[in-house]
Amino acid sequence: MIFSSLKLNKDEPIYIQVENHIKESIEKGMLQKGSKLPSTREVSSFLNISRNSVVVAYENLEIDGIIKSSRGKGTFVTIEASKPKNEFNIDWGTRINSYGSICESMDILKTELPWEKNMISFKSIAPEENLFDIEEFKRAFLDVISLEGNKILNYGYAKGYKPLLEYLMDYMKSKGINTEGKDILVTNGFTEGFDIIINTLTEPGDVIICENPTHNTAIKIMKAHGLDIIGVPMNEDGIDTKSLEKALENTSPKFAYIIPSYHNPTGIVMNGEKRQEVLNIFQKHSIPVIEDGFNEELLYTSSPVPSLASFCTDGNGVVYVGSLSKILFPGLRLGWMFGDRDLINTLESVKRARTIHSSFIDQGIFYHYMKSGAFDKYVKKVRKHYKDKYEFTLKQVNKHIPYESITGEGGLHIFIKLKGINAREVLQKCYEKGVVFTPGDIFYTDGGGEDTFRIGFSRVSEEDIEKGIKVIGEVINSIKNL
Ligand SMILES: Cc1ncc(COP(=O)(O)O)c(C=O)c1O
């Protein structure tokens with residue numbers, strides 16, 4: 001009540017005191033323009049004064065244009081307080097810690113050449129949204145709302161929506177993985193899962209080993225946490241095992257981060273033998289492996305390559321981070337971590353401390369969508385679509401781009417190495433001609449890769465792929481001939 005701070009005195013008429021109190025309240029900002037005043041009856045009973053005094057005060061204020069009564073609605077303040085100037089300024093730039101500074105300086109959406117309307121962009125490796133089956137998604141949404149409407153909108157468990165956890169556990173089993181002694185935590189995509197792992201297992205200055213090049217977001221997260229990254233070079237079939245052995249002779253990393261399928265950015269799929277060999281090396285040195293299972297579902301061959309987790313039959317040395325982001329609904333931001341039960345138990349507490357849990361309504365929709373069989377149908381459709389597009393892009397690259405080597409067995413991108421030509425110089429010239437792609441150096445842990453770039457084709461039409469690749473080829477040839 002606005003009048004609770006009014007202490008009436010005996011020297012002035014009551015109506016004047018009521019009037020002044022309202023004026024002061026407006027000046028101090030306690031009453032804003034549009035605020036409703038209590039009725040004259042309420043004020044008289046609250047202050048124990050005659051109603052007439054309040055009526056007179058309100059009438060005077062209305063004559064002065066300070067308040068306005070409206071029949072049936074009440075009395076409202078009509079003027080703005082003249083706000084005193086308050087320059088409480090902070091120089092926020094000087095207060096950003098190293099985590100914030102690194103995240104910002106490595107934010108490629110801010111630092112790289114921006115995509116502009118009507119440009120042909122090979123930057124994205126997000127799925128083609130026109131392939132999403134929205135009708136099935138709507139059905140899944142209606143199912144979850146009609147079955148669990150109220151409940152699912154309340155707080156849920158940090159680990160995740162129980163039916164989805166069970167579904168994902170069966171899904172991991174269907175990949176030939178032994179789920180005994182394992183558990184699952186649902187996260188906001190791979191990105192949060194990786195961040196949770198790092199927050200839980202590392203201290204600044206710790207060493208992490210990974211492929212070089214590797215996923216740019218993973219590099220950013222590791223650097224932001226002050227970790228020391230050892231990038232091991234790659235061959236055509238994945239991480240170079242000789243270099244890996246050598247690196248492990250001299251260092252003892254906290255864990256290894258490996259992307260076995262459609263590696264980002266090289267597109268390389270490690271074959272089964274190589275996966276076994278790589279796992280043996282880490283096992284020999286007791287280095288846990290964080291396996292990034294992204295894109296695995298896209299494998300175009302009929303016999304899927306077993307994941308690293310499935311080679312670790314009875315052990316707990318591999319944590320598998322699953323994400324369907326490159327295939328299905330990345331906007332839902334859902335992924336999962338599968339690994340040792342005790343470890344997941346701790347990760348669950350970290351997840352709860354950070355965000356409490358991932359959205360239950362999203363998890364519910366995702367579960368109903370997956371369970372309905374829509375996902376299996378969808379994956380078959382998109383595999384064919386992306387395989388055709390990959391082959392088309394490869395054909396165009398072979399026709400127009402003079403490269404030293406290309407890697408990528410499918411997936412949503414192709415990685416190109418030029419013969420001693422700087423990819424950023426090519427990018428700048430292509431940008432002027434309305435074509436953009438991702439320069440390869442952002443994926444390197446050691447500042448290398450200046451003659452490489454990634455072509456993401458998933459969201460580009462065949463017509464634009466042909467046009468865009470031709471432009472890139474012409475620019476490279478023009479630089480070569482200089
Ligand atoms: C190597 C790799 N892993 C995982 C992801 C998916 O991340 P998220 O699930 O956070 O969208 C990406 C996306 O680009 C990626 O390149």
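How do the residues of the shell around the ligand divide into nonpolar, polar and charged? Five are nonpolar, seven are polar and two are charged. Keep in mind as you click along that this is a predicted model.

**Stop 1: the ligand.** Of the 14 residues around the ligand, the ones that come nearest are Gly189, Thr191, Phe294, Ser323 and Ser325. Now colour helix 8, residues 189–201: this helix supplies the largest share of the shell, three residues.

Stop 2: Next, show the strands in the order 5-12-11-10-9-6-7-8, which together form an open sheet with mixed pairing. At its edges you will find strand 5 (182–187) and strand 8 (238–239), each pairing on one side only. Then pick strand 10 (residues 289–292) and strand 11 (residues 318–323), which are joined by four bridges in the parallel sense. Within this pair, Val289 sits opposite Val318 of strand 11.

**Stop 3: the nonpolar cores.** Stay with Val289 and display its contacts. Beyond its neighbours within four places in sequence, Val289 is in contact with residues including Phe255, Leu279, Phe282, Leu308 and Gly317. Which members of the largest nonpolar core touch the most other members? They are Ala256, Ile258 and Val289, in a core of 59 residues. Helix 14 (residues 360–371) gives the most to this core, six residues. For a second, separate core, of 38 residues, select Tyr403, Ile416, Ile465 and Ile472, which are among its members.

Stop 4: Strands in the order 13-14-17-16 make another open sheet, with antiparallel pairing. Strand 13 (403–407) and strand 16 (438–439) are the edge strands. Two bridges link strand 16 to strand 17 (residues 452–456), and Pro439 stands opposite Phe453 in strand 17. Bring up helix 15 (residues 374–400) as well: it packs on this sheet, touching strand 13, strand 14 (413–418) and strand 17. Its direction makes about 15° with that of strand 14.

**Stop 5: a hairpin.** Finally, zoom in on strand 2 (residues 67–70) and strand 3 (residues 74–77), which run antiparallel and are joined by four bridges. Ser70 has Gly74 as its bridge partner in strand 3. Three residues lie between the strands of this hairpin, where Gly72 takes a positive phi near 85°.

Conventions. Residues numbered from 1 in each chain as written. Predicted model: local features only at pLDDT ≥ 70, side-chain atom pairs only at ≥ 80, totals over all residues. Near = placed C-beta within 6 Å. Nonpolar A, V, L, I, M, F, W, Y, C, P; charged D, E, K, R; others polar. Core = buried A, V, L, I, M, F, W, Y, C linked by C-beta atoms within 7 Å. Buried ≥ 20, exposed ≤ 12 C-beta atoms within 10 Å, placed from the backbone. Contact = placed C-beta atoms within 7 Å. Pairing = 2+ DSSP bridges. Axes fitted to C-alpha atoms, helices over the stretch in contact; angles between N-to-C directions.
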